[in-house]
Amino acid sequence: MFGQNRVTMATVASPMRFSGRVQDAAPGEPFRILRLPQGVSDALSTRNQVAVRVQVAGADFLSVAWPDGEGGHYLKVTPAMAVAGDAVDVEIVRSKDWPEPDVPAEVAAALEDNPKALELWKSISAATRTDWLYWLDTAKKAETRLKRIENMCDMLAKGKKKVCCFDRSGIYGKVITCPVREE
């Protein structure tokens, strides 16, 4: 169904197909946005992050359907896949496998400076690492983000595997939104 992949796919649902229009992300974001139709988002059975196998614009990859804070989801697509305004056909299927998150340089440096935190970081799942990074990304101010990186390393060093106390769907706290460019 998806061709040759580097990641073994373990699906938990049937493929869903839809057509969507690619949007520019907010300034500074290195990706573009593809919103999932509400029916597809509802079929994911959660308002939180969901690992999905995606086929779009000739690409086949493991990704995350991100909550938009309004009860739906969106996908991040690379600028090489499509330009804003392009209509694309998409196939997604929920997956048990999680993509390994990209760790920002300042987070990687903080973890390297704290061997106990790094040791636990390496032992937790990709989904849990994604949660930690998502929590960092919900900080509105740069100084808050830096404080959260410090707190994350401290908590990991003390054996805390999972971040808690934040609304992963964005519906209640309103800190998580789809980072689409304002028109």
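**Close-up views of the predicted model**

**View 1. Arginine 47 is partly exposed, with a relative accessible area of 22%.** In this legend and those below, buried means under 20% relative accessible area, exposed over 50%, and partly exposed in between (1.4 Å probe, protein chains only). The model is predicted: local features need pLDDT of at least 70, side-chain atom pairs count only at pLDDT 80 or more, and totals for chains, interfaces and linings use all residues. Residues are numbered from 1 along each chain as its sequence is written, and side-chain values use heavy atoms, with hydrogens and water left out. Arginine 47 belongs to the loop between H1 and E3; helices (H or I, at least four residues) and strands (E, at least two) are DSSP runs numbered from the N terminus. Between the C-alpha atoms of arginine 47 and tryptophan 66, which stand 19 residues apart along the chain, the separation is 8.6 Å. The loop between helix H1 (38-43) and E3 also holds serine 45. Although serine 45 is not a glycine, its phi is positive, at about 65°; serine 45 is exposed, with a relative accessible area of 61%.

**View 2. Alanine 57 lies in the loop between E3 and E4.** The phi of alanine 57 is near 50°, a positive value in a residue other than glycine. Alanine 57 is partly exposed, at 44% relative accessibility.

**View 3. The largest pocket has a volume of about 1100 Å³.** Among the 32 residues that line the largest pocket, Glu29, Phe31, Trp66, Lys76 and Asp137 are the closest to its centre. Two or more lining residues come from each of strand E4 (59-67), strand E5 (73-77) and helix H4 (126-137), and E4 gives the largest share, five residues. By type, the lining comprises 19 nonpolar, five polar and eight charged residues. Ala, Val, Leu, Ile, Met, Phe, Trp, Tyr, Cys and Pro count as nonpolar, Asp, Glu, Lys and Arg as charged, and the others, Gly among them, as polar. A pocket is found on a 1 Å grid over the protein atoms alone, as an open set of points where a 1.4 Å probe fits, with protein on both sides within 12 Å along at least five of seven lines; lining residues have an atom within 4 Å of a point. Grid points are joined across faces, edges and corners, and the volume is the space filled by probe spheres set on the points.

**View 4. The largest nonpolar core contains 19 residues, of which Leu75, Val90 and Ile92 touch the most other members.** At least two residues of this core come from each of strand E1 (16-24), strand E3 (50-56), E4, E5 and strand E6 (87-94), with the largest share, four residues, from E3. A nonpolar core is a set of buried Ala, Val, Leu, Ile, Met, Phe, Trp, Tyr and Cys residues joined through side-chain atoms within 4.5 Å. Leaving out residues up to four places away in sequence, isoleucine 92 touches residues including Met16, Phe18, Leu36, Val52, Val54 and Leu75; contact means heavy atoms within 4.5 Å.

**View 5. Methionine 152 lies in helix H5 (residues 142-157).** Methionine 152 is buried, at 0% relative accessibility. Beyond residues up to four places away in sequence, methionine 152 touches Val107, Leu111, Trp121, Trp132, Trp135 and Leu136. Methionine 152 and leucine 133, 19 residues apart in sequence, are 9.4 Å apart in space, C-alpha to C-alpha. In soluble globular proteins, nonpolar side chains tend to be buried together.

**View 6. Helix H4 holds alanine 126 and threonine 130.** Alanine 126 counts as buried, at 13% relative accessibility. Apart from its neighbours within four places in sequence, alanine 126 is in contact with Trp98, Pro99, Glu100 and Pro101. The C-alpha atoms of alanine 126 and proline 99 are separated by 6.6 Å, with the two residues 27 apart along the chain. Threonine 130 is likewise buried, with a relative accessible area of 3%. Not counting residues up to four places away in sequence, threonine 130 touches Gln49, Trp66, Trp98, Pro99 and Pro101.

**View 7. Five helices and six strands make up the secondary structure of the chain.** Along the sequence they follow the pattern β-β-α-β-β-β-β-α-α-α-α. Of the 183 residues, 44% count as buried.
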